[in-house]
Amino acid sequence: MSAAEGPLVVGVDTSTQSTKALVVDAATGRVVASGQAPHTVSSGAGRESDPREWWDALGEALNQCGEAAHEAAAVSIGGQQHGLVTLDGQGEPVRPALLWNDVRSAPQARRLIDELGGAKAWAERTGSVPSASFTVTKWAWLAEHEPEAARAVKAVRLPHDYLTERLTGEGTTDRGDVSGTGWWASGTEAYDEGILARVGLDPALLPRVVRPGEVAGTVRDGHGLPFSKGTLVAAGTGDNAAAALGLGLRPGVPVMSLGTSGTVYAVSQRRPADPTGTVAGFADARGDWLPLACTLNCTLAVDRVAALLHLDREAVEPGTDATFLPFLDGERTPNLPHSSGLLYGLRHDTTAGQLLQAAYDGAVHSLLGALDLVLDADADPSAPLLLIGGGARGSAWQQTVRRLSGRPVQIPEARELVALGAAAQAAGLLTGEDAAAVARRWNTAAGPVLDAVERDEATLNRITGVLSDAAPLLERDATSH
């Protein structure tokens, strides 16, 4: 390993399936060491993980980084959003964490919207209309279905909060991640005590919201990780806000992230409040806003279709009139939590490769449908769409996004943007810079640009029509018949 030009920092991405750690030179953005370790997610009706696995995975990922992690002067943790982590008085999990893609709380989401004045009132109050992904609905589900567990809870955290607290001993969160809970008022940037009272959650159980650029704490003794005592710990943030930092994102630039979930977002200087609930009015990690739309079914769903067809994920073929809505886990955008995958228009001459392309088209259609709502009216419609996440490296994803969006598509060469954004946040503690400015100095968004092609309106309109016609079927609760 060649000598670093500046101090070293660590950025962490604790995601649904694994935890990744990067050791980065704060001066140049060069990644000098990296590590990754998996954790498990339950299958079946719920999606749950033991938070202690995240901690163990963090330790393993850091150990893979070697001596470089020990030399780090600051660390920050980006994490999967919305997850409900419930702790007892000793800081141990009361039960496994309910993850963002656990949609069992859909009835609680509907009830809370009705009880607190409807979708428009929620959007104005919190910036978002809660869906089954949101933490507030998960807490309501827990209180209703596992009241003994709820009564045993002495602290409520988000995934990134849990790891940060184990490092520092202090219960903290940040505005980016807390804005996805449903119990934080975006207008006042404070916990909404009315909502908390409605779901029976004592605000004393919640972490302190750390301001952008503020130190959350320092690494304490006895953590068992390769950090020196006193290492600075940044606030951390949710994964999408961290990726926005990692790109050094400026207002109005659209991003599509293709991972386990799919997201479209852009930084805005205007506080969003979409009464339809399609756009979540999240805060970013700096002081602006991050209007965002999220789908539950993205790369994993399309990969599952490829596996069922015994095809490589790139083995797509053009020329089909079949429509495939790959809503294998229920869906959030559109809001169809009880839906399943739907195939329409199958013919004798339809090939397996055409079915796979139809699954790609269905997944991208959902994301593009929300993009215009995410962007401010004055955003440049010809600006390249930044394509990130694991799927961004795949040719079939790239070409599908390009064909259905009609925009130029830029693929940043930097990988692990959530961890890089967390690293930029840690570096900002040392240099006093804005974290997004750190990432721009590191030139993280640089990468090839694919020219725009004519937008495939026929395919978009066909999918929209099938989705509209099938809505009554897709909205049914499979457990009710």
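**Note on the pockets, sheet and backbone of a predicted model**

1. By class, the residues lining the largest pocket are 16 nonpolar, 19 polar and ten charged. The structure is a predicted model. The volume of this largest pocket is about 1,100 Å³.

2. The lining of the largest pocket is made up of 45 residues, and Leu258, Gly259, Thr260, Gly389 and Gly390 lie nearest the centre. Several helices and strands give two or more residues to this lining, among them the strands β2 (18-25), β16 (255-258), β17 (262-265), β19 (289-295) and β22 (385-388). The helices that do so are α10 (239-246), α11 (299-308) and α14.

3. Some of these strands also belong to an open sheet of seven strands, in the order β18-β19-β17-β16-β22-β23-β24. The pairing in this sheet is mixed. Its edge strands, β18 (280-283) and β24, each pair on one side only.

4. Within the sheet, β16 and β17 run antiparallel and are joined by four bridges. Leucine 258 has glycine 262, in β17, as its bridge partner. Leu258 is also one of the residues nearest the centre of the largest pocket. In general, the strands of a sheet pair through backbone hydrogen bonds, in a parallel or antiparallel way.

5. The second largest pocket holds about 600 Å³ of space. Its lining has 31 residues, with Arg332, Thr333, Pro334, Asn335 and Leu336 lying nearest the centre. Two or more residues each come from α3 (106-115), β19, α12 (352-374) and α16 (457-474). The largest share, five residues, is from α12. By class, the lining of the second largest pocket divides into 18 nonpolar, ten polar and three charged residues.

6. Proline 334 sits in the loop between β20 (323-325) and β21 (342-344). Most peptide bonds are trans, and most residues other than glycine have a negative phi.

7. Two residues other than glycine have a positive phi and can be checked by eye. For glutamate 416, phi is near 55°. Glutamate 416 lies in the loop between β23 (409-410) and α14 (417-431). With a relative accessible area of 32%, glutamate 416 is partly exposed.

8. For asparagine 443, phi is near 60°, again a positive value in a residue other than glycine. The loop that holds asparagine 443 runs between α15 (435-442) and β24 (449-450). Asparagine 443 counts as exposed because its relative accessibility is 52%, and the cut-off for exposed is over 50%.

9. Does the length of helix α1 agree or disagree with what its residue count predicts? Helix α1 covers residues 51-65, and at 1.5 Å a residue its 15 residues should span 21 Å. The C-alpha atoms at its ends are 22 Å apart, so the two values agree.

10. After the helix comes glycine 66, whose phi is positive, near 70°. Buried residues in α1 include Pro51, Trp54, Trp55, Leu58, Leu62 and Cys65.

Notes:
Residues are numbered from 1 along each chain as its sequence is written. This is a predicted model: local features need pLDDT of at least 70, side-chain atom pairs count only at pLDDT 80 or more; totals for chains, interfaces and linings use all residues. Side-chain values use heavy atoms; hydrogens and water are left out. Buried means under 20% relative accessible area, exposed over 50%, partly exposed in between (1.4 Å probe, protein chains only). The expected span of a helix is 1.5 Å times one less than its number of residues. On a 1 Å grid over the protein atoms alone, a cavity is a set of points where a 1.4 Å probe fits but cannot get out, and a pocket is an open set with protein on both sides within 12 Å along at least five of seven lines; lining residues have an atom within 4 Å of a point. Grid points are joined across faces, edges and corners, and a volume is the space filled by probe spheres set on the points. Ala, Val, Leu, Ile, Met, Phe, Trp, Tyr, Cys and Pro count as nonpolar, Asp, Glu, Lys and Arg as charged, and the others, Gly among them, as polar. Two strands pair if DSSP finds at least two bridges between them.
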